[in-house]
Amino acid sequence: MAWALKLPLADEVIESGLVQDFDASLSGIGQELGAGAYSMSDVLALPIFKQEESSLPPDNENKILPFQYVLCAATSPAVKLHDETLTYLNQGQSYEIRMLDNRKLGELPEINGKLVKSIFRVVFHDRRLQYTEHQQLEGWRWNRPGDRILDIDIPMSVGIIDPRANPTQLNTVEFLWDPAKRTSVFIQVHCISTEFTMRKHGGEKGVPFRVQIDTFKENENGEYTEHLHSASCQIKVFKPKGADRKQKTDREKMEKRTPHEKEKYQPSYETTILTECSPWPEITYVNNSPSPGFNSSHSSFSLGEGNGSPNHQPEPPPPVTDNLLPTTTPQEAQQWLHRNRFSTFTRLFTNFSGADLLKLTRDDVIQICGPADGIRLFNALKGRMVRPRLTIYVCQESLQLREQQQQQQQQQQKHEDGDSNVYHAIYLEELTAVELTEKIAQLFSISPCQISQIYKQGPTGIHVLISDEMIQNFQEEACFILDTMKAETNDSYHIILK
């Protein structure tokens, strides 16, 4: 349960020395929420938290949490007294979260003068979506290529060290910070709540998310794995300006209610205090290895052999076509629907086996799923492949062939040796030089950044720089022999299409 409170403290509490001055950095919270500003037992004594007392362990009654996180966004006034608070955010807008050291004197002395690590996540609030989180996020990644769900606005943030965003975890960011210093992190949430609703007919209620923060300290090996504290709050994300309109609508609805009805609802607070929760299952951060390089003793490399730099891990092969088979069980059919972004319809096809799904006609699927998803599902069931816009064939010129060309200059011998080479197909969809570079790099099992330029051999042996327009004028199923030439300035290579 997330708490967003202004706590008017009594004079005797202030005189007791529990309030510490956090100067201007805490302006706007409503009251100064310094380290030790109030104990959690004081909060739980308020009427709106009476229902939680029975669920708290006895030893937590007087517990003061070591850290406190304050989201600088107002809570909704349309939340009932015994429900968790809800905070509305605008998509892509930067919101401040203040990281406060709430330790009592002498508590956790082992982190004095040391850094701690905090991991921020945006996760689903509904249990139904938590079960299919991986499929939901993969579907979002497919629809929004190159985008992230959660980002840190680094220029606006204060006190964060070594911020990281793992490219494989779109909803997670992490950083180090010093509890003894002022720390404020500004986050941006780029997904909206209606992107994960079951149906999209317009005007749907968006699903709620959770912002969760897990904080860790160093272990004996210098790894940040020892858990210190976790807290979270419930949010909904709207299109730009949508959160402001929703907040205004909720406020107007509450103004129309009678005083007796208003007593059943929580007031709106200017900020949201994240409440303690269980730590999220830890996933080790994977640090990307530096860009691979070629072995300097070689001036060429072989196609498709994976013999680049010893430190280079080849890119994973493209996924094998996932066709549904008649022998597929209902359980396997459910997994197939999830993998192919049809999670919305798993309940409709709960007891369908592979044979049942394959028997459906195009009209059947459209009637069940609607025109757009129905056509997509029908094509997936029949395993229809999209024809590439352009197909070319490439073959690497061997060293032996070049030596024979230089020594013999015999056209017949050239053709005989050339016929023995193996060609590889390259399928192009975007018809750009960048795409061609990536596809050739994939065949060589190297990074695209190691290919400096791609040329096409023109008349009289001149080298013409490959452009998007040139690729768009390639003939379908054209054949090329690839030659490699070391770049003069660095360890990269030029590719020549002959």
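**Working through the model**

Q: Start with Arg182: how accessible is it?
A: Arg182 is partly exposed, because its relative accessibility is 48%; buried means under 20% relative accessible area, exposed over 50%, and partly exposed in between, using a 1.4 Å probe and protein chains only. This is a predicted model, where local features need pLDDT of at least 70, side-chain atom pairs count only at pLDDT 80 or more, and totals for chains, interfaces and linings use all residues. Residues are numbered from 1 along each chain as its sequence is written, and side-chain values use heavy atoms, with hydrogens and water left out.

Q: Where is Arg182 found?
A: In the loop between strand E7 (172–177) and strand E8 (183–189). Helices (H or I, at least four residues) and strands (E, at least two) are DSSP runs, numbered from the N terminus.

Q: And how far is Arg182 from Met99?
A: They are 7.6 Å apart in space, C-alpha to C-alpha, and 83 residues apart in sequence.

Q: E8 came up. What is the strand order of the open sheet?
A: The order is E5-E8-E3-E1-E11, 5 strands with antiparallel pairing. Strand E5 (150–152) and strand E11 (272–273) are at the edges; each has a single partner strand, so one side of each lacks a neighbour in the sheet.

Q: How many bridges between E1 and E11?
A: Strand E1 (residues 67–71) pairs with E11 over 2 bridges, in the antiparallel sense. Pairing requires that DSSP finds at least two bridges between the strands. Leu71 stands opposite Thr272 in E11.

Q: Switching to helices. Which residues of H7 are buried?
A: In H7 (residues 330–339), they are Ala333, Gln334, Trp336, Leu337 and His338. These buried residues pack against helix H4 (133–143), helix H8 (354–358) and helix H10 (371–381).

Q: What does Ala380 touch?
A: Ala380, which is found in H10, touches Trp336 and Phe342, leaving aside residues up to four places away in sequence. Contact means heavy atoms within 4.5 Å.

Q: What about the backbone just after H7?
A: Arg341 takes a positive phi of about 65° there.

Q: Cysteines next. How many disulfides are there?
A: A search of the whole structure finds 0, a disulfide being a pair of cysteine sulfur atoms within 2.5 Å. For Cys277, the nearest cysteine sulfur is that of Cys233, 9.8 Å away.

Q: Is Cys277 buried or partly exposed, and what about Cys191?
A: Cys277 counts as partly exposed because its relative accessibility is 24%. Cys191 is buried, with a relative accessible area of 2%.
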